[in-house]
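The following questions and answers examine a structure through its computed geometry. Please consult the sequence and the coordinates alongside each answer.

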Amino acid sequence: MTLSDNARSVVYMNVSMLAFTLNDACMKAVTETLPLFQAIAIRGTMTVAVLMMIALASGGLRLWPGGRDGRIIALRTLAEVGGTLTFLAALMHMPLANLSAILQVSPLAVTLAAAFFFAEPVGWRRMIAIVVGFAGVTIIIRPGTSGFDIWAVVGLICVACIVVRDLTTRQLSRAIPSITVAIWAGLGVMAMGLAGSVAEGWTAVSLQDAALLAGASSFLIVGYMSIVMVMRMGEISFVAPFRYTALLWAILLGWLMFDSLPDGWTMVGSSIVVATGIFTFYRERRLARAARVEPAVVAGPTVGALRP
């Protein structure tokens, strides 16, 4: 079975959300004992080193494309740095599930921004599906004014960085290898960590911390590569709702790693999110089949007219 670009993007999106969630869990654990910028710098160094080796082995190392693509990569890298800093700063002061829930507003933000800036078509069914999915997230977090503090605002700033990052990725030409984009993201975050660690200082790294950072780096590489493929291949308004699966991965990992299951309302909201994704994916498959059948339908009367 041949998958459409949108269907392949859904697979990449699910992989990236799982990878990023695993990375977040590792970084939250390691920043309990290591300074934030030191952890970012070490993880960034590991990440860039592996990405460089992958690029050299595949023959796809092209560090600076120059021209319009170079400017886009520069803007995307700045957004990546801003998103990483705001996310990890908020993560140190908030539960992972709460921050992840705030970030689930990003699919709606990305979709609306794509429609506004790129005039990308967003049908009413797809828009309703996105809104319903966001309603499911709202049921999960059940927001209240007491929980909306400065770190929640920092989380929303992170969402803005995500929107800029994803939309700029969309503008890159096909000639730019995805590994190049990932390397620059890693270099930007690593540089930010090194600069911050000069003022913050360094502490000794235990074997457990090193293992957590290595795991975070590995998951981050998978997440980087997958999300770049998503934004360059699929239609943003179709793929964006599948960011909600990050919450589902968080629930599953909480059960497997910490023997913790969500309450009933969280399960209801998660079910709505899953149903939204399934509906959107099913509709994409129907549209793809209709597009393949349409030429045959158009040709039908012409062929029939030749018969006696």
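Q: How many salt bridges does a search of the whole structure find?
A: The model is a predicted one, and side-chain atom pairs count only at pLDDT 80 or more. With a search that covers the whole structure, the number of salt bridges found is three.

Q: Which residue forms a salt bridge with Arg76, and how far apart are the closest N and O atoms?
A: Arg76 and Glu80 both belong to helix H3, where four residues, about one turn of the helix, separate them. An α-helix has 3.6 residues a turn, so residues three or four places apart point the same way. Both residues of this pair, Arg76 and Glu80, are buried. The partner of Arg76 is Glu80, and the closest N and O atoms are 3.3 Å apart.

Q: How many residues apart in sequence are the parts that the pair Arg165 and Glu80 ties together?
A: The side chains of Arg165 and Glu80 form a salt bridge with an N to O distance of 3.7 Å. Because Arg165 lies in helix H7 and Glu80 in helix H3, the pair ties together parts whose separation in sequence is 85 residues.

Q: Is Arg165 buried or exposed?
A: Buried means under 20% relative accessible area. The relative accessibility of Arg165 is 8%, so Arg165 counts as buried.

Q: Is Glu80 buried or exposed?
A: The limit for a buried residue is a relative accessible area under 20%. Glu80 has a relative accessible area of 7%, and therefore Glu80 is buried.

Q: Which residues are linked in a network of salt bridges?
A: Arg165 also meets Asp166 in a salt bridge, at 3.0 Å from N to O. Both Arg165 and Asp166 are buried. Glu80 is joined to Arg76 and to Arg165. The linked residues are Arg76, Glu80, Arg165 and Asp166.

Q: Which element gives the most to the largest nonpolar core?
A: The largest nonpolar core has 55 residues, and Met13, Met27 and Tyr224 have the most contacts inside it. Elements that give two or more residues to this core include H1, H2, H3, helix H8 (178-200) and helix H9 (207-233). The element that gives the most, with ten residues, is H9.

Q: Which residues are in contact with Met13, leaving aside its neighbours within four places in sequence?
A: Contact means heavy atoms within 4.5 Å. With neighbours within four places in sequence left aside, the partners of Met13 are Ile227, Val230, Met231, Val239, Phe242 and Arg243.

Q: Is Thr21 buried or exposed?
A: Thr21 is placed in helix H1. Beyond its neighbours within four places in sequence, Thr21 is in contact with Ala246, Trp249, Ala250 and Leu253. Its relative accessible area is 7%, so Thr21 is buried.

Q: Which residues make the nonpolar surface patch of about 210 Å²?
A: One of them, Val11, is in helix H1 (residues 5-30). Val11 counts as partly exposed because its relative accessibility is 46%. The patch is made by Val11, Val15 and Val222.

Q: How far apart in space are Leu78 and Ala185, C-alpha to C-alpha?
A: Leu78 lies in helix H3 and, at 61% relative accessibility, counts as exposed. In sequence, Leu78 and Ala185 are 107 residues apart. Their C-alpha to C-alpha distance in space is 8.2 Å.

Methods:
Residues numbered from 1 in each chain as written. Predicted model: local features only at pLDDT ≥ 70, side-chain atom pairs only at ≥ 80, totals over all residues. Heavy atoms only, no water. Patch = residues over 30% accessible without salt bridge, like charges linked within 9 Å, V, L, I, M, F, W, Y side chains within 5 Å. Areas by Shrake-Rupley, 256 points an atom, 1.4 Å probe, with all protein chains shown as cover. Salt bridge = Lys/Arg side-chain N within 4 Å of Asp/Glu carboxyl O. Buried < 20%, exposed > 50% of the residue type's maximum accessible area, 1.4 Å probe, protein only. Core = buried A, V, L, I, M, F, W, Y, C linked by side-chain atoms within 4.5 Å.
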